[in-house]
Amino acid sequence: MTVAACGGSGDKSKNLVSADAGIDALVAAAKKEGKVTIYSAQGLDALNNLAAAFKKEYPGIDVDVVRGVDGDLGTKVETEFQTGKGIADLYVSASLPWVQSEAKAGKFLAPTGPELTGKGAYDVKKYVHDGNYFETNSAVLTFGWNTKLYPKGLTDYPDLLDPALAGGKIGVVQPTAASLVDFYLWLEETYGADFVTKLAAQKPRIYPSSLPMGEALASGEIAAGSFVAPIALDPAKAKGAPIAYKMPPSGAWGARYYGMVLTTAPHPNAAQLLANFMVTEKGQELITPAAGSVLPNVPGTLITNDKVRVQAIVALLN
C-alpha cells in the first residue's frame with residue numbers, strides 16, 4: 001500500500017493512501033480505520049441519507065454526522081487545529097473566506113480519491129482549488145408562488161412586478177446580513193439598477209429568512225416569494241401544499257459548499273473515501289436534492305454549480 005506523509009497542524013505522519021494507489025487500496029485503508037466524522041453546514045436529511053448510502057456501499061465504516069452552522073463548526077475545527085486533537089475528518093463549509101484562509105495555512109490534505117483526482121466525471125480543473133479544497137454542491141434560492149392564489153405562475157424575477165401582486169402579496173427577505181445584501185445586488189446586476197426599487201413599490205411583506213417565507217407561501221399568507229429554498233419547499237409540496245417554484249433562466253443566487261479533508265483527521269483515508277463518494281453521481285443525487293450539483297444531469301437537482309453565484313459569505317437559510 002502506497003503511503004504519503006501529511007503536512008500541517010496536528011500531523012502524526014498518518015498512513016494516507018496516495019492517489020496512485022487506486023480505489024481498492026483506499027477502501028481497504030478506510031475500512032481498517034472503521035469510522036469517519038463529517039462536520040457540515042449542508043442539510044441534515046441529505047447528510048443522513050448520504051451517510052446511510054455510504055455505509056451500505058462500504059460496510060464496516062461508521063459515519064458520524066455533525067450538522068451545524070459555519071460559525072460554530074469553523075470554531076470547532078480551529079480548536080482542533082490548535083490543540084492537534086482532531087475529531088472531524090471531513091468538513092464542508094460555505095464560508096469561502098474562512099476556507100481560503102485555512103487553505104493558505106496548509107490545513108487541508110490533498111484529495112486522493114479517483115473522482116477528485118481526475119479519474120471520473122467530476123471536473124477537477126473547475127472544482128478543485130489551490131489549497132486542497134473542493135466544491136461539493138450548492139444551496140439555491142429562487143422565486144416561488146402559491147398555485148391557488150397566483151395560478152398563472154412566474155417565469156422569472158421580473159414577473160414579481162405584476163400589479164396583481166401589489167399590496168402585501170409578495171414576500172421579500174430582510175437584508176440583515178452581508179450575504180442578503182448581496183442577493184439584492186445580484187437582482188440589480190441581473191435585472192437592472194432600478195429593479196429593487198420597483199419591487200419595493202409593490203409593498204411586499206418582509207421576512208427574516210427563506211424558511212418563514214416558504215411557510216407563508218404554503219399557507220396562503222402571500223401569493224409569491226422572492227427568496228425561497230426549493231429544498232425546504234419540496235417536502236411541503238409533497239404533502240399537498242399548493243406551491244411551485246422555478247429556476248431563473250440566467251442562473252441562480254445561492255451559496256456554494258466546499259469540502260476539505262483536515263490535516264488533523266483521525267481517519268484520513270475514510271475521509272478521502274467519503275469525500276470521493278460525495279461527488280459521484282450517486283452521492284450528488286443524495287446530497288443535492290432541489291439544489292445545485294457539481295455534475296450535470298443528476299436526477300433531482302436543479303442546476304449545475306457553475307451557474308450559482310459565488311458567495312463570499314454563506315446565506316443562512318434558518
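I looked up Phe54 and recorded that, leaving out residues up to four places away in sequence, Phe54 touches Val36, Ile61, Val63, Ala270, Leu273, Leu274 and Phe277; contact means heavy atoms within 4.5 Å. I note that this is a predicted model, in which local features need pLDDT of at least 70 and side-chain atom pairs count only at pLDDT 80 or more, while totals for chains, interfaces and linings use all residues. Residues are numbered from 1 along each chain as its sequence is written, and side-chain values use heavy atoms, with hydrogens and water left out.

Buried means under 20% relative accessible area, exposed over 50%, and partly exposed in between (1.4 Å probe, protein chains only). This core has 43 residues, of which Phe54 and Leu90 touch the most other members. Two or more residues each come from strand 2 (16-17), helix 1 (23-33), strand 3 (35-40), helix 2 (44-57), strand 5 (90-93), strand 8 (133-146), strand 13 (253-262) and helix 10 (268-278). Helices (H or I, at least four residues) and strands (E, at least two) are DSSP runs, numbered from the N terminus. Helix 10 gives the most to this core, namely seven residues. I also recorded another core, apart from this one, with 36 residues, among them Tyr157, Leu180, Leu187 and Ile222.

**Helix 2 against helix 10**

I recorded an angle of about 115° for the packing of helix 2 and helix 10, with their axes 11 Å apart. Axes are lines fitted to C-alpha atoms, for helices over the stretch in contact, and angles run from 0 to 180 degrees between N-to-C directions. Helix 2 and helix 10 are therefore roughly perpendicular to each other; angles under 35 degrees count as roughly parallel, over 145 as roughly antiparallel, 65 to 115 as roughly perpendicular and the rest as oblique. Leu50, Ala53, Phe54 and Glu57 of helix 2 make the contact with Ala270, Leu273, Leu274, Phe277 and Met278 of helix 10. I classed these residues as eight nonpolar, no polar and one charged. Here Ala, Val, Leu, Ile, Met, Phe, Trp, Tyr, Cys and Pro count as nonpolar, Asp, Glu, Lys and Arg as charged, and the others, Gly among them, as polar.

**Helix 1 against helix 10**

I listed the buried residues of helix 1 as Ala25, Leu26, Val27, Ala29 and Ala30; what covers them includes strand 2 and helix 10. The axes of helix 1 and helix 10 come within 7 Å and cross at roughly 125°, and the two helices are therefore oblique to each other. Ile23, Leu26, Val27, Ala29, Ala30 and Glu33 in helix 1 meet Pro268, Asn269, Ala270, Gln272, Leu273 and Asn276 in helix 10. The residues of this contact divide into eight nonpolar, three polar and one charged. Just after helix 1, I found Gly34 with a positive phi of about 80°.

I then looked up Ala290, in the loop between helix 11 (281-287) and strand 14 (292-293). Its phi is near 50°, a positive value in a residue other than glycine, and Ala290 counts as buried at 3% relative accessibility. Asn297 lies in the loop between strand 14 and strand 15 (303-304). Asn297 has a positive phi of about 60° although it is not a glycine, and counts as exposed at 75% relative accessibility.

Conventions. Core = buried A, V, L, I, M, F, W, Y, C linked by side-chain atoms within 4.5 Å.
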